[in-house]
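Thank you all for making time this morning. I would like to walk through one model with you, going slowly from one part to the next, and I will stop at a few questions along the way.

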Amino acid sequence: MALAPAMAPQQVTHPGSKIRAATTEPPSMRLLISAIALAFLGMFLFLPLVAVFSNAFAQGARVFLDAISEHDALSAIRLTLMTAAVAVPLNLGFGLAASWAIAKFEFRGKGVLMTLIDLPFAVSPVISGLIFVLLFGTEGWVGPWLSSHDVKIIFAVPGIVLSTTFVTFPFVARELIPVMQAYGNEEEEAAMVLGASGWQMFLRVTLPNVKWGLLYGIIICNARAMGEFGAVSVVSGKISGLTATMPVYVELLYNSYELAAAFAIASLLTSLALVTLVAKRLLAFSSSADLSEREDPATEKFAA
Amino acid sequence: MSIEVRNIRKSFGNFVALDDVSLKVETGELVALLGMSGSGKTTLLRIIAGLEAPDSGTVHFHGTDATEIKVRERRVGFVFQHYALFRHMSVFENVAFGLRVKPRASRPSKLDIARRVHELLKLVQLDSMATRLPSQLSGGQRQRVALARALAVEPSVLLLDEPFGALDAKVRAELRRWLRRLHDELHITSVFVTHDQEEALELADRVVVMNQGRVEQIGAPSEVYHHPATPFVYQFLGNVNLFHGRVEDGHVTIDGTPLGVGDATVQRNGGSKERATIYLRPHQLEIALSPGGGNEFRATVAHINSAGPKVKLDLITEWGGPVLAEIDHERFATLKLQRGHRVFARPKEKPRVFVYQI
């Protein structure tokens with residue numbers, strides 16, 4: 001019977017029989033489902049990936065290197081790195097504070113705070129960008145005051161940093177809240193009783209407990225900060241060599257038919273995504289090892 | 001160092017956790033806070049530790065008001081119910097924590113810390129486990145690490161929240177005796193919370209029985225067991241037979257049948273008819289096949305359980321109520337009791353009668 005090889009686990013208990021677990025589908029069905037999933041994956045994920053890299057190197061490594069070492073390209077890379085270098089630490093601080101407050105304290109408006117944290121997820125990035133233009137633009141609420149004091153936010157670097165920070169701020173907090181809630185605060189209480197100050201408690205007990213969740217949040221936040229296009233394209237003014245981040249620069253190149261250069265920069269961003277995925281995978285691995293340790297006392301409690 | 005709490009009140013929303021609780025623990029004493037879950041015992045312990053602030057009332061350590069003193073300055077050792085060990089630190093680091101976080105001026109040198117930690121680990125018989133992580137220890141070992149960690153800072157009082165709650169019965173009994181010996185060695189003023197009466201009665205110098213945020217009775221284990229002050233304590237400590245009856249002119253009757261408890265000390269609040277609750281422990285009942293003096297009531301044997309140090313008899317009384325009696329095996333053999341036998345049950349000692357006016 002064709003069933004036999006696929007049914008190996010069941011055969012241990014029912015040799016030769018056609019009995020199978022209620023949740024197990026026949027092999028033909030499993031094959032079909034797997035095929036659909038793989039075909040989808042290949043078409044929408046793998047194929048574009050190959051296309052990006054093959055197009056980037058279509059005219060040789062020479063052209064690729066020239067494209068990424070051009071003045072405007074370097075400026076875009078610098079601006080992107082700088083934006084992430086500001087936005088990620090800001091969101092790290094905010095994420096720690098927010099998740100700490102939400103996980104460890106009871107206060108009024110907690111639900112509202114949690115909903116607000118998700119706001120950037122819900123709002124289209126273009127709208128986020130527009131909000132900043134409406135706030136800080138020359139026609140905006142505080143724009144005239146800012147320009148009379150010679151502060152430029154829109155169509156300048158501060159606007160890019162601001163909108164990127166806004167778009168990426170849920171990432172760290174979202175990762176940390178469930179982790180902190182799961183740990184509870186018994187260990188913090190133990191540290192306090194033993195004489196630790198708030199700072200010592202945070203550094204020696206809280207932080208080590210949430211470190212994997214925190215790193216995970218930082219990596220995702222960083223990936224999003226470097227890749228943000230919608231909000232940045234609205235507030236930056238897209239001035240090549242001045243206010244164009246890497247994603248915006250890719251669009252500029254593409255619109256001026258410099259396909260090889262566009263794909264060269266795109267391949268850099270794609271590499272970042274791949275590195276992020278690998279790092280994320282490694283972290284998920286380490287944190288699940290930690291999690292399984294954590295379950296120990298719980299199961300014991302249950303047994304007792 | 002003595003601990004005294006005065007008129008502590010604490011509510012969580014609408015729930016009153018502690019309602020005017022006062023209590024004194026003498027220096028070197030081992031006191032149990034005994035009660036069911038929700039009786040406020042853990043809240044009281046956390047208030048003594050400073051982990052929770054009372055709504056009103058004060059906590060005194062050695063005669064001085066410590067209510068305003070922050071938890072990290074109270075110098076208490078606290079053992080959490082689920083130990084709350086730092087899971088990312090080794091056993092050694094867990095025990096060393098309290099010493100490492102001391103301000104620089106009073107912090108011992110690395111060498112001294114190591115010496116002290118190993119001393120403590122020897123005390124709790126875990127010196128060979130110093131490099132392990134808490135997740136690699138058994139429940140009983142974790143409990144001892146938690147204790148060593150609490151003792152490391154040389155606390156003036158030791159507070160334990162359900163110290164044996166998460167352990168299985170055998171380990172629990174062992175650890176209990178071990179903790180008693182440890183306490184006799186160190187003489188540190190200790191308070192522990194438990195819902196297990198056996199644990200409280202066996203381990204503590206004095207037992208504080210709590211119910212619904214109030215203290216029902218404070219006393220030595222034998223005192224609270226043999227002379228319960230309130231109906232609650234009677235029911236809570238040990239098995240007990242409960243009878244609802246009436247008092248008429250000093251005689252207790254149930255459903256018109258005289259219980260035959262004779263000269264039971266009945267507190268009379270005037271009036272000739274009163275409702276009464278009578279408590280009799282199973283071992284306070286004597287069983288006989290024939291009547292013998294009138295101080296008895298009739299019953300039928302419904303079930304016999306002879307597996308154990310005593311023989312347990314389930315009796316059904318004339319008025320239909322179930323009664324539990326415990327007799328020793330010799331007596332059981334003499335009587336040759338079987339299911340369905342009709343017997344006479346006689347209280348050996350005066351039962352405790354609580355009287356309410358109708």
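**Two chains, helix by helix**

Let me begin with helix H15 of chain A, where the buried residues are Met246(A), Pro247(A), Val248(A), Tyr249(A), Val250(A), Leu252(A) and Leu253(A). This helix runs over residues 246–255, and with seven of its ten residues buried it is mostly covered. After H15(A) comes Tyr257(A), which has a positive phi, near 60 degrees. Please keep in mind throughout that what you see is a predicted model, and that its scores are ipTM 0.80 and pTM 0.76.

Stepping back to chain A as a whole, how many helices and strands does its secondary structure hold? It comes to 16 helices and zero strands. Chain A has 304 residues, of which 34% count as buried. If we take the contacts in chain A with a separation of 6 or more, 71% of them are between residues 24 or more positions apart.

Is Ile177(A) buried or exposed? A residue is called buried if 20 or more other C-beta atoms lie within 10 Å of its own, and Ile177(A) has 21 such neighbours inside 10 Å, so it counts as buried. Leaving aside residues up to four places away in sequence, Ile177(A) touches Ser99(A), Ile102(A) and Ala103(A). By contrast, Val167(A) is ten residues from Ile177(A) in sequence, and the two are 18 Å apart in space, C-alpha to C-alpha.

Now to the place where the chains meet. Chain A gives 21 residues to the contact, and chain B gives 22 residues. On the side of chain A that touches chain B, helix H12 (186–193), helix H13 (198–227) and helix H16 (259–303) each supply at least two residues. Sorted by class, that side of chain A has nine nonpolar, four polar and eight charged residues.

From H3(B) the contact is made by Arg116(B), Val117(B), Leu120(B), Leu121(B) and Leu123(B), and from H4(B) by Ala148(B), Leu151(B) and Ala152(B). The residues of this contact divide into seven nonpolar, no polar and one charged.

Finally, a word on confidence in chain B. Its mean pLDDT is 87, with 93% of its residues reaching 70 or more. Over residues 263–270 of chain B, however, the pLDDT is below 50, although beyond near neighbours in sequence this stretch has 14 contacts in the model.

Conventions. Residues numbered from 1 in each chain as written. Chains lettered and ligands numbered in written order. Predicted model: local features only at pLDDT ≥ 70, side-chain atom pairs only at ≥ 80, totals over all residues. Contact = placed C-beta atoms within 7 Å. Helix = DSSP H or I, 4+ residues; strand = E, 2+ residues; numbered from the N terminus. Nonpolar A, V, L, I, M, F, W, Y, C, P; charged D, E, K, R; others polar. Buried ≥ 20, exposed ≤ 12 C-beta atoms within 10 Å, placed from the backbone. pLDDT = per-residue confidence, 0-100.
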